[in-house]
Amino acid sequence: MFDWFKRKPAQEERSTGGGYTHDLMMHRAAYIQGKTGAADLTACVQTCVGLWESGLSIADVDGANLLDVQSLGLAGRALALRGEAVFLIRDRLVPVSDWSLTTRDGRPRAYQCSIAEAGGGRTETALAAEVLHFRIGTDAASPWQGTSPLRRSSLTADMLGAVEVALNEVYQNAPIGSQVVPFPEASGTDLNELGASFRGKRGRTMLRESVQVSAAGGPAPSMDWKPQNVTPDIQGIAPGASLNAARASILGVYGVLPSLLEDTTTGPLVREAQRHLAQWALQPVAALIAQEATEKLGGAVTLDVMRPLQAFDTGGRARAMGQIIEAMALAKEAGVDPDVAARLVNFAPND
């Protein structure tokens, strides 16, 4: 009891960094900034997102009825903007708006899923086997988390957003087409009336009195009304070149050839751009979706985006097939086994 009146030794407490709450807030800020920045609002990014969404939504799916057109479209948009897409496996795939997870050996074990509803959201806990988690651009430091192309190229994305925002503000607020006209000294009321008289007179001829005056017997000034244009000159910063360069870089990150959106694009170039998008961007993503679905749905699942998008050279395939058939016929006439000839030119797998 006497210990109550004894002074306790002072305890020294130290803190390194901002603490858990600070780290969590910074992580959340980086999460939001990287996935819902100003670049998401640009037409260039939305064009790429639309190509991803449409390309994956019409993919040929074999082995999984749950991967319908709507679910694949949602997955394509989420992967393009967030780098991740999460669905709960029920009688259908339920899209998850937000989630947190626990891992073991870098692989997810359980999910805390937030599901959007019309009257408000609800939260549900599910094991990893009950969740389809598609992710692209994973890193060794966090293999359970995907990264979007915008976050992987945040510098260029910020530049694209800044250039378009700056041009928007110039066209919205700058005095484009306005002119300052010299006028002799007069009262403020006269100047206001004169300025109001110019409104709504676009393209018309307006006559006003000359400003040539003679004061105190001095010579009259030789200058008359010479309007000065106050439209801002932004050609020095080359906004067009900066905007085109940023757009081309963003298109390249999404696997879209910049020439696809050029004014001088031709038909063969459009087809080549479609093949490039399907082969190097969408088909690898489709393979990741198929692998995740195969592990969670209990059957072999395959996705093909090449055939629905017609992302192949039809004429070239036809010519190649004709040459192969002709070569097989010549080999058979020469007494060479066609299967052996096909293996020699790598048209058939070796035994």
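The helices α2 (43–57) and α8 are oblique to each other, because the angle between their axes is neither under 35 degrees (roughly parallel), nor over 145 (roughly antiparallel), nor 65 to 115 (roughly perpendicular). Their axes come within 11 Å and cross at roughly 60 degrees. Here an axis is a line fitted to C-alpha atoms, for helices over the stretch in contact, and the angle runs from 0 to 180 degrees between N-to-C directions. The crossing of α2 with α8 is right-handed, a term for a near helix turned clockwise from the far one by less than a right angle, left-handed being the anticlockwise case. On the α2 side, the contact is made by Leu 51, Trp 52, Gly 55 and Leu 56. On the α8 side, the residues are Leu 277, Ala 281, Leu 282, Val 285, Ala 286 and Ile 289. Contact means heavy atoms within 4.5 Å. By class, this contact has 9 nonpolar, 1 polar and no charged residues. In that count, Ala, Val, Leu, Ile, Met, Phe, Trp, Tyr, Cys and Pro are nonpolar, Asp, Glu, Lys and Arg are charged, and the others, Gly among them, are polar.

A word on the basis of these values. This is a predicted model, in which local features need pLDDT of at least 70 and side-chain atom pairs count only at pLDDT 80 or more, while totals for chains, interfaces and linings use all residues. Residues are numbered from 1 along each chain as its sequence is written, and side-chain values use heavy atoms, with hydrogens and water left out.

From α2, the contact includes Val 45, Val 49, Trp 52 and Leu 56; from α3, it includes Val 69, Leu 72, Gly 76 and Leu 81. The classes here are 9 nonpolar, 4 polar and 2 charged residues.

I turn to the overall composition. The protein has 10 helices and 10 strands; these are DSSP runs, with helices (H or I) of at least four residues and strands (E) of at least two, numbered from the N terminus. Of its 351 residues, 27% count as buried, that is, under 20% relative accessible area, where over 50% is exposed and the range in between is partly exposed (1.4 Å probe, protein chains only). Among contacts with a separation of 6 or more, 60% are between residues 24 or more positions apart.

Which residues touch the most other members of the largest nonpolar core? They are Val 45, Trp 52, Leu 67, Phe 134, Tyr 254 and Ile 289, in a core of 48 residues. Such a core is a set of buried Ala, Val, Leu, Ile, Met, Phe, Trp, Tyr and Cys residues joined through side-chain atoms within 4.5 Å. Helix α8 gives the most, with 9 residues. A second, separate core has 11 residues, among them Val 96, Trp 99, Ala 126 and Val 131. In soluble globular proteins, nonpolar side chains tend to be buried together. Beyond its neighbours within four places in sequence, Val 45 is in contact with Ala 39, Asp 40, Leu 81, Leu 150, Leu 160, Ile 250 and Tyr 254.

Next, the backbone. Most residues other than glycine have a negative phi. Asp 105, which is not a glycine, has a positive phi of about 60 degrees. Asp 105 lies in the loop between β4 (98–104) and β5 (107–115) and counts as exposed at 74% relative accessibility. Ala 238 also has a positive phi, of about 50 degrees. Ala 238 is in the loop between β9 (228–229) and α7 and is partly exposed, at 33%.

Finally, two strand residues. Pro 95 is in strand β3 (residues 93–95) and is partly exposed at 36% relative accessibility. Leu 101, in strand β4, is partly exposed with a relative accessible area of 23%. With neighbours within four places again left aside, Leu 101 is in contact with Ala 110, Tyr 111, His 133 and Trp 144.
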